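Work through these exercises with the model open beside you. Try each task before you read its solution.

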Amino acid sequence: IEYCARSRRIAPHFHIPLQSGSDEVLRLMKRRYDTELFRSRVSLIQELLPQAFIGIDVIVGTRGEEAEYFEDCYHFLESIPFAQLHVFSYSEREGKHRRSQRLMQLSEERLKAFYSSNLGRELTVIWEHGNYNGLMMGHSENYIRVAQPYDEEAIGTTTRLTPQHLDAS
């Protein structure tokens, strides 16, 4: 994390596999870390790179995941800063869909807040291939998706710009 913070070549975009915010489930999964270690890493990212995008992988419905373990996971995730969750279902057992939906709702709220916190802030955007109804898409160094009118010459180039509004569609 410290190396990334000092680097001019590494983008402030982290995608971290938490798997569960429940220490009990992490033990069932035989993970060699716990939620406090994870919290300390996320805190360090926020301290050194306050505008960094933090995406977190979470698995719902792991064998042995009791309802109270899921609630522990949910409350842990509420307590740490992140921009987006990537939610995966371990199984399609009853009740897991509702749990996935709760996490995806939390993720949507956080992503919108993250995007909003970057409005009015200058970003570097790299423009990607694709014409979407006259628009082209790009991503900023901290993984904010940005659109502009399609310009084939811009593909693969970078632009410094300052987003002024959020389009939630």
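Predicted model: local features only at pLDDT ≥ 70, side-chain atom pairs only at ≥ 80, totals over all residues.

Residues are numbered from 1 along each chain as its sequence is written, and side-chain values use heavy atoms, with hydrogens and water left out.

**Exercise 1. Helix α4**

Task: Compare the span of α4 with the expected one, then find which of its residues are buried.

Solution. 
- Step 1. Helices (H or I, at least four residues) and strands (E, at least two) are DSSP runs, numbered from the N terminus.
- Step 2. Helix α4 covers residues 67-79, 13 residues in total. The expected span of a helix is 1.5 Å times one less than its number of residues.
- Step 3. Buried means under 20% relative accessible area, exposed over 50%, partly exposed in between (1.4 Å probe, protein chains only). In α4, the buried residues are Phe 70, Cys 73, Tyr 74, Phe 76 and Leu 77.
- Step 4. Down the axis of α4 these residues fall within an arc of 165 degrees, so they line one face of the helix. The arc is taken over the directions from the helix axis to the C-beta atoms.
- Step 5. Contact means heavy atoms within 4.5 Å. The cover over the buried residues of α4 includes β1 (13-19), α3 (35-48), β2 (53-60), β3 (84-89) and α5 (96-117).

**Exercise 2. Helix α5**

Task: Work out which residues of α5 are buried and which are exposed on the other side.

Solution. 
- Step 1. The 22 residues of α5 should span 32 Å, and its end C-alpha atoms are 32 Å apart, which agrees.
- Step 2. Lys 96, Arg 99, Ser 100, Leu 103, Leu 106, Ser 107, Arg 110, Phe 114 and Tyr 115 are buried in α5. They fall within an arc of 165 degrees, so they line one face of α5.
- Step 3. His 97, Arg 98 and Glu 108 are exposed on the other side of α5.
- Step 4. The buried residues of α5 pack against β2, α4, β3 and β6.
- Step 5. Look at one of them: Ser 107 has 6% relative accessibility, so it counts as buried. Leaving out residues up to four places away in sequence, Ser 107 touches Phe 82, Ala 83, Gln 84 and Leu 85.

**Exercise 3. Aromatic rings**

Task: Classify the ring pair Phe 53 and Phe 114.

Solution. 
- Step 1. Rings of Phe, Tyr and Trp (its six-membered ring) pair if their centres lie within 6.5 Å; planes under 30 degrees apart count as stacked, over 60 as edge-to-face and the rest as tilted.
- Step 2. The centres of Phe 53 and Phe 114 are 5.6 Å apart and the planes are at 80 degrees, so the pair is edge-to-face.
- Step 3. Phe 53 is in strand β2 and Phe 114 in helix α5, 61 residues apart, so the pair links distant parts of the chain.
- Step 4. Phe 114 also pairs with Tyr 115, tilted, at 6.5 Å centre to centre and 55 degrees between planes.
- Step 5. Phe 53, Phe 114, Tyr 115 and Tyr 143 form one aromatic cluster.

**Exercise 4. Asn 142**

Task: Find where Asn 142 sits and what it touches.

Solution. 
- Step 1. Asn 142 is in the loop between β5 (135-140) and β6 (145-149).
- Step 2. With 1% relative accessibility, Asn 142 counts as buried.
- Step 3. Beyond four places in sequence, the residues that Asn 142 touches include Phe 53, Phe 114 and Asn 118.
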